[in-house]
Amino acid sequence: MRMQFYDDDEADKLATQFFKHYYHDRGKMKWGGFLLSEHTAALKRELAKEQNSDSNQ
């Protein structure tokens, strides 16, 4: 497979066509999932700290 290179005008047209017709931005769902995973990870770290401090007492 050969890599194809575009000049600036061709690249702009291709990108415009892609975002207009093919790309679907999940928007808030995407960020909501990211925030949920970060929150879950933080809760797991907090729980591990609590369990660790309880076992040291």
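A: Tyr 23 is partly exposed, at a relative accessible area of 41%; buried means under 20%, exposed over 50%, and partly exposed in between, with a 1.4 Å probe and protein chains only.

Q: What kind of model is it, and how are residues numbered?
A: This is a predicted model: local features need pLDDT of at least 70, side-chain atom pairs count only at pLDDT 80 or more, and totals for chains, interfaces and linings use all residues. Residues are numbered from 1 along each chain as its sequence is written, and side-chain values use heavy atoms, with hydrogens and water left out.

Q: Where is Tyr 23 found?
A: Tyr 23 sits in the loop between α1 and α2 (28-56).

Q: Which rings does the cluster contain?
A: Phe 18, Phe 19 and Tyr 23 are linked into a cluster by ring pairs. Rings of Phe, Tyr and Trp (its six-membered ring) pair if their centres lie within 6.5 Å; planes under 30 degrees apart are stacked, over 60 edge-to-face, the rest tilted.

Q: How many aromatic pairs are there?
A: The structure has three aromatic pairs. In one of them, Phe 18 and Phe 19 have ring centres 5.2 Å apart and planes at 75°, so that pair is edge-to-face. Phe 19 and Tyr 23 also have centres 5.2 Å apart and planes at 75°, so they too are edge-to-face.

Q: Switching to the fold, how many helices and strands?
A: The protein chain has two helices and zero strands, taken as DSSP runs (helices H or I, at least four residues; strands E, at least two) numbered from the N terminus.

Q: What should α1 span?
A: At 1.5 Å a residue, the 14 residues of α1 (residues 8-21) should span 20 Å, and the end C-alpha atoms are 20 Å apart, which agrees. The expected span is 1.5 Å times one less than the number of residues.
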